[in-house]
Amino acid sequence: TPMRPLKPLRPPPPDSPRFVSVSLPTGSPRAATMGAHLFRLPTYGRCSEVIQSVHAAPRQPVDGNGMVHYADPAWAAWQVGEDQSSGAVLGVCWHHRAYDLDTVRGDLPLPEYGEAVIEEMVDAGYTAAEYHHLAREVYAALRSFHDAGRRAQAEAQVEGNGSPAPGPTSS
């Protein structure tokens, strides 16, 4: 089912590095109706899970000349993996002020959850270019947030004579 409108709207986000606002490119079909998309970056452990899932997805198959062959069965596997990764990033971080996802992760593995999120976004009218744009922007912010947390953890361990400090898990 398509996204469900939130009434009342979610309040504006606090001033926190965990919140990221991403706009769709000008001229994008959903840019005017959806406005800026708000995402909340998850805890460090969940960031690690998402990063690992993205890195486990198949890579786009290219031949020795850098050409993609769309008839190659590996291309279809890559496309599914790309959608699953995008959906996982968006679903885990979704925090739009006016719309919520109906898709609930529950016990779904992250790739299957991501695929369900993309199905919902397509049903709501998003194009592949739109949801991949959002996912790239959110993933970059997620990765930066996670890496900064890992650096802070490493610095705390050095300052604490090498004893483990609470903080993000490794990926």
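Predicted model: local features only at pLDDT ≥ 70, side-chain atom pairs only at ≥ 80, totals over all residues.

User: Let's pick a helix. Which residues of α4 are buried?
Analyst: In α4, the buried ones are Leu110, Tyr113, Gly114, Val117, Ile118, Glu120 and Met121. They cover an arc of only 160 degrees around the axis, so they sit on the same side of α4. That arc is taken from the directions from the helix axis to the C-beta atoms. Buried means under 20% relative accessible area, exposed means over 50%, and partly exposed is in between, with a 1.4 Å probe and protein chains only. Helices (H or I, at least four residues) and strands (E, at least two) are DSSP runs, numbered from the N terminus.

User: OK, back to α4. What span should its 14 residues have?
Analyst: They should span 20 Å at 1.5 Å a residue, and the end C-alpha atoms are 20 Å apart, which agrees. The expected span is 1.5 Å times one less than the number of residues. After α4 comes glycine 125, which has a positive phi near 105 degrees.

User: And α2, how many residues does that one have?
Analyst: α2 has 13 residues, and it reaches 18 Å from its first C-alpha to its last, close to the 18 Å expected. Its buried residues are Cys47, Ser48, Val50, Ile51, Ser53 and Val54.

User: How many residues does the largest nonpolar core have?
Analyst: It has 31, and those with the most contacts inside it include Met3, Phe39, Leu90, Met121 and Tyr126. A nonpolar core is a set of buried Ala, Val, Leu, Ile, Met, Phe, Trp, Tyr and Cys residues joined through side-chain atoms within 4.5 Å. β2, α2, α3, α4 and α5 each supply at least two residues of this core, and α5 gives the most, with seven.

User: What does Tyr126 touch?
Analyst: Leaving aside neighbours within four places in sequence, tyrosine 126 is in contact (heavy atoms within 4.5 Å) with several residues, among them Met3, Arg30, His37, Trp94 and Leu134.

User: And His37, buried or exposed?
Analyst: Histidine 37 is buried, at 0% relative accessibility. Histidine 37 lies in strand β3 (residues 37–40). A polar atom of the histidine 37 side chain is 3.1 Å from the backbone oxygen of glycine 35.

User: Last one: what about serine 86?
Analyst: Serine 86 lies in helix α3 and counts as buried, at 6% relative accessibility. Its side chain makes a polar contact with the side chain of histidine 132, at 2.8 Å. A polar contact is a pair of N or O atoms within 3.5 Å; within protein, one must be able to donate a hydrogen and the other to accept it, and residues adjacent in sequence count only if both atoms are side-chain atoms.

Methods. Residues numbered from 1 in each chain as written. Heavy atoms only, no water.
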